[in-house]
Amino acid sequence: MTDRGDGPIGSLPEHLLVEILTRLPICEWVQVSCVSKHWASMFEGEYLWQTAIVRKWPSAGFRKRWPGPIPRGSARRRFQALYVCENLVPTGGEIDELVGHTYLYLKEQLESLVIPPSSILHGTIIDQFIACGRTGEKAHELASNIWIAVIDNLEENQLTFMLLKHLAQEGDFFLPFPYSRSYKVLWRVFDKLFTDFRDCFSRADYHDALASAKSRFQPVPSFWLGH
């Protein structure tokens, strides 16, 4: 990494550099940020991300802040949230920045060293959506979609296997709707365990997990069976 980008582009004013960089495909931004220390500093600052938001999601800049425990954060985080909403969480074509922020919040909580109980996480998400005017039914639907999107986009490694085992083994919490955990989320947890992580189980752990699945779902899919 050098102090400035090589050639005439490296000597352009910063606002022109930002205009050029934000037009590049997003998949190239990490590589581009390594060209020079100056370019890296632009990707660490707010101006580039604010420009990228205005260019890609023009109406996002006019959205007001919302109440609740999940904040908007920096321009870079807002960009990540908008990207998540557009590409990872099904929302029927609507760009809802709060959905993206909730996804990032849940993913960070699930990847933390000490994972809060899933009922606490689910309740926090429900409260956030209700505080922003969603009905209980809509909040439950959005929360379930976000849980599934996070689970589907976790890396396939030992940490994810341990997380899914933890979620599968949690006890049932008898909470009123919409705070009750969605069964389709729990189904996705077991489905991912028994398909993507089948080989990670010891025989005893597999039979324990299968017994837990059978206590919740009847019948269980045939491809969950057999270790």
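## Exercise 1: Two helices

The axes of helix 1 (residues 14-21) and helix 4 (residues 47-56) come within 10 Å and cross at roughly 50°. Helices here are DSSP runs (H or I, at least four residues), numbered from the N terminus. This is a predicted model, where local features need pLDDT of at least 70, side-chain atom pairs count only at pLDDT 80 or more, and totals for chains, interfaces and linings use all residues. Residues are numbered from 1 along each chain as its sequence is written, and side-chain values use heavy atoms, with hydrogens and water left out.

**Task.** Work out how helix 1 lies relative to helix 4, and which residues meet.

**Solution.** 
- Step 1: On helix 1, look at H15, V18, E19 and L21; they meet Y47, L48, T51 and R55 of helix 4 (contact means heavy atoms within 4.5 Å).
- Step 2: Sort these contact residues and you get four nonpolar, two polar and two charged.

## Exercise 2: The largest pocket

**Task.** Which helix gives the most to the lining of the largest pocket?

**Solution.** 
- Step 1: Helix 6 (97-110) and helix 9 (158-169) each supply at least two lining residues.
- Step 2: Helix 9 gives the most, with four residues.
- Step 3: By type, the lining splits into seven nonpolar, four polar and three charged residues.

Methods. Nonpolar A, V, L, I, M, F, W, Y, C, P; charged D, E, K, R; others polar. Axes fitted to C-alpha atoms, helices over the stretch in contact; angles between N-to-C directions. Parallel < 35°, antiparallel > 145°, perpendicular 65-115°, else oblique.
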